[in-house]
Amino acid sequence: MDFELRTIPGCPNSGPALKLFREVLAAEGRDAESLTVHEVASEREAKELHSLGARA
């Protein structure tokens, strides 16, 4: 199974979220290589991805 972490540019929580995600994968015996990080750069892209999240 592949996993994706979606972030936005400049998000201060991106680094800690990525670290936690990798730790959870390791704890579950999953390969961290199955994790990709996708930086969602625009509102349009977020809508296309049906990405819900914090709004400023």
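Buried means under 20% relative accessible area, exposed over 50%, and partly exposed in between (1.4 Å probe, protein chains only). Keep that handy for the exercises below.

This is a predicted model, so local features need pLDDT of at least 70, side-chain atom pairs count only at pLDDT 80 or more, and totals for chains, interfaces and linings use all residues. Residues are numbered from 1 along each chain as its sequence is written, and side-chain values use heavy atoms, with hydrogens and water left out.

**Exercise 1.** Find aspartate 2 and decide: is aspartate 2 buried or exposed?

*Solution.* Start with its place: aspartate 2 sits in the segment before strand S1 (3-7). Strands (E, at least two residues) and helices (H or I, at least four) are DSSP runs, numbered from the N terminus. Next, check the area: aspartate 2 has a relative accessible area of 69%, so it is exposed.

**Exercise 2.** Work out which residues make the aromatic pair and how their rings are arranged.

*Solution.* The structure holds 1 aromatic pair. Its members are phenylalanine 3 and phenylalanine 21, with 6.0 Å centre to centre and 65 degrees between the planes. Now the cut-offs: rings of Phe, Tyr and Trp (its six-membered ring) pair if their centres lie within 6.5 Å, and planes under 30 degrees apart are stacked, over 60 edge-to-face, the rest tilted. This pair is edge-to-face. It links distant parts of the chain, as phenylalanine 3 belongs to S1 and phenylalanine 21 to helix H1 (residues 14-27). At 23% relative accessibility, phenylalanine 21 is partly exposed.

**Exercise 3.** Say which residues of H1 are buried, and what covers them.

*Solution.* Ser14, Leu18 and Leu25 are the buried ones. They cover an arc of only 35 degrees around the axis, so they are on the same side of H1; the arc is that of the directions from the helix axis to the C-beta atoms. On the other side, Pro16, Lys19, Leu20, Ala26 and Ala27 are exposed. The cover over the buried residues includes S1 and strand S2 (35-39).

**Exercise 4.** List the residues of the largest nonpolar core.

*Solution.* A nonpolar core is a set of buried Ala, Val, Leu, Ile, Met, Phe, Trp, Tyr and Cys residues joined through side-chain atoms within 4.5 Å. The largest has 5 residues: Phe3, Leu5, Leu18, Leu25 and Leu35. S1 and H1 are the elements giving two or more residues to it.

Conventions:
Contact = heavy atoms within 4.5 Å.
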